[in-house]
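The sequence and structure come first.

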Amino acid sequence: MSAAESSSAGRGAVRARVAAVPARAWISWVALALMTTSSVASLRAAPTMAVYGLAAVFLYLVPAIVFLLPTSLVAAELASGWKGGVYKWVSEGISKPMGFLAIWCQFAMTIFYYPTLLGFVASTLAYVINPELASNGAWTALVIMVCYWAGVFVSSRGTKGVAGLASWGLIIGTLIPGAVLIFLGALFLGQGHPSAAPMTADHLLPAWAGLSSLVLIVNNFLSYSGMEMNAVHVSSLKNPGKEFPKAIFLAMGLVLLIFILPALAISWVVPADQISLTAGIMQAFETIFGTFNISWLTPIVGIMLVAASLGGMLTWLAGPSKGLLLISREQGYLPPFLQKLNKNGVQQNLLVTQGIITSIIALGYALIPDVSSTYWIFSVITTQVYLIMYLLMFVAAVRLRRRQPDHPRGFRAPILVTLCGVGFAASLAALLVGFVPPSQFGEGSPWVYLLIVGGGALGLGLLVPFLFYRFRKPSWKQPADQAAGE
């Protein structure tokens, strides 16, 4: 072969190799903002804030500034520099044991999250069948257990396409019902009906009744959680430094609108002392549809909300547990029984164990007379367990910036230390305030509340992972390429 032919062949091989590498899939900052909105925004928390009427605006804005913004920007820097999620960030920034604690909390929060989510499903489904069931604890417990175990069955079979339900969930279960609720609520006021909650400027701030008045804001931290998962997409932006902040601010605006306006619409038509924290949305729809003589739409909207919530549960069911499983197999943090995969490569034993605990928690709805109180308690426990992970993330971010300042990052958060300080302080304050019974539950014993919330949050969030780590064995480590069927 001549030199020219050799050179030509070399260039051809290079072009072939280049052609074989797929072009990088870029996304726009607007697309990222919409993705973030779909994974964060929900109507489920609207009844909780509707209790406070116009003050809901304040109660949503405060955590958005001191928690949502720091979490988003800090997680973006970490995701653009270190692959592997929160375990990698915390293990690199602090230590591997703390990394295990972080990913454990990300998983453990779902144990209380599912009863909360499915409690909402139960009360919503009740309005399709019999509205009186919405306050029935036995009905709620039954729906939670049936839906969860059905989800485990579906997930364990390795069903494909489940993740697509999340995208439809934003449209079917959030945007359409939310838009209808806001439109008819405004029309309700426009026709001269008085608002059930005062809408004057002197009601912009919640009434102060001591420390317990601040407790409700804790639930909004959970409403904004999950930004660390969306931050992994920062590397798909062409200019992360400029585009990611724009995506975050747009997402914040959209999320606030989706959270605030439906909550206000509910407060217009349902008196605060009659709002159920689980069935408040359906109460509002029932009242509004009845006013306009279109009550036949109530069960349809109920089915839309239920379908979206169940789709969201399926997409969450295997995600956090899969992350925990991969790290545990590599480092030997969980016993082999919990690491075992079924023939479809799904962590079935871990899901079943989680389901047993979830079923026990679900009985709380049957044993505690007030369904709204149970819903609130589980929401607080979920938030507190998740906040432990965020505390570790903020510390890790500061340490990584100081220890590895030259490590490649696709995005560098501005005033990172300040952001981490604000986020850490807000998360710690929310965690501590969560131990205080909220003002609207003042009739019960504060010590019982403290025992349930403290035992659930600290026991599940700290004690259980400590015991796993303390009694781990070298034999718990599993080969990375072990067959899924085992």
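Lys 88 and Glu 92 form a salt bridge in this predicted model, with 3.2 Å between the closest N and O atoms. Both residues belong to helix H5 (residues 85-93) and sit four residues apart, about one turn of the helix. An α-helix has 3.6 residues a turn, so residues three or four places apart point the same way. Lys 88 has a relative accessible area of 31% and is therefore partly exposed. Glu 92, at 30% relative accessibility, is likewise classed as partly exposed.

The count of salt bridges comes to three. They are set out below.

| Salt bridge | N to O distance |
|---|---|
| Lys 88 and Glu 92 | 3.2 Å |
| Arg 401 and Glu 77 | 2.6 Å |
| Arg 409 and Glu 77 | 2.9 Å |

Arg 401 pairs with Glu 77 at 2.6 Å between the closest N and O atoms. Because Arg 401 lies in helix H17 (residues 371-403) and Glu 77 in helix H4 (residues 56-81), this pair ties together parts that are 324 residues apart in sequence. Glu 77 also meets Arg 409 in a salt bridge, at 2.9 Å from N to O. That pair links distant parts of the chain, 332 residues apart: Glu 77 is in helix H4, and Arg 409 is in the loop between H17 and helix H18 (416-433). Is Glu 77 buried or exposed? Its relative accessible area is 2%, so Glu 77 counts as buried. Arg 409 is buried as well.

Helix H7 (residues 137-156) has 20 residues, which at 1.5 Å a residue should span 28 Å; the C-alpha atoms at its ends are 28 Å apart, so the two values agree. At the start of H7, a side-chain oxygen of Asn 136 comes to within 2.9 Å of the backbone nitrogen of Ala 138. The buried residues of H7 include Trp 139, Ile 144, Cys 147, Tyr 148 and Val 152.

Val 143 is another residue of helix H7. Its relative accessibility is 7%, under the 20% limit, and Val 143 therefore counts as buried. Which residues does Val 143 contact, leaving aside its neighbours within four places in sequence? They are Leu 118, Val 121 and Ala 122. The C-alpha atoms of Val 143 and Ala 126 are separated by 9.9 Å, the two residues being 17 residues apart along the chain.

Gln 283 is part of helix H12 (residues 280-291). With 16% relative accessibility, Gln 283 is classed as buried. The side chain of Gln 283 reaches the backbone oxygen of Gln 274 at 2.9 Å. Apart from neighbours within four places in sequence, Gln 283 is in contact with Tyr 127, Val 270, Gln 274, Ile 275 and Ser 276.

Ser 28 is placed in the loop between helix H1 (3-20) and helix H2 (29-40). At 39% relative accessibility, Ser 28 counts as partly exposed. A polar atom of the Ser 28 side chain lies 3.1 Å from the backbone nitrogen of Ala 31. Ser 28 and Lys 238 are 210 residues apart in sequence, while their C-alpha atoms are 8.0 Å apart in space.

On the surface, Ile 171, Ile 172, Leu 175, Ile 176 and Val 180 form a nonpolar patch, with about 350 Å² of accessible area together. Ile 176 belongs to helix H8 (residues 164-190). Its relative accessibility is 41%, so Ile 176 is partly exposed.

For the chain as a whole, the secondary structure comes to 19 helices and zero strands. Of its 486 residues, 52% count as buried. The chain exposes about 21000 Å², and carbon and sulfur atoms supply 68% of that area. Among contacts with a separation of 6 or more, 82% are between residues 24 or more positions apart.

Methods:
Residues are numbered from 1 along each chain as its sequence is written. This is a predicted model: local features need pLDDT of at least 70, side-chain atom pairs count only at pLDDT 80 or more; totals for chains, interfaces and linings use all residues. Side-chain values use heavy atoms; hydrogens and water are left out. Patches are made of residues with over 30% relative accessible area and no salt bridge: like charges are joined within 9 Å, nonpolar side chains (Val, Leu, Ile, Met, Phe, Trp, Tyr) within 5 Å. Accessible areas come from the Shrake-Rupley method with a 1.4 Å probe; for residues, only the protein chains shown count as cover. A salt bridge is a side-chain nitrogen of Lys or Arg within 4 Å of a carboxyl oxygen of Asp or Glu. Helices (H or I, at least four residues) and strands (E, at least two) are DSSP runs, numbered from the N terminus. Buried means under 20% relative accessible area, exposed over 50%, partly exposed in between (1.4 Å probe, protein chains only). Contact means heavy atoms within 4.5 Å. The expected span of a helix is 1.5 Å times one less than its number of residues. A polar contact is a pair of N or O atoms within 3.5 Å; within protein, one must be able to donate a hydrogen and the other to accept it, and residues adjacent in sequence count only if both atoms are side-chain atoms.
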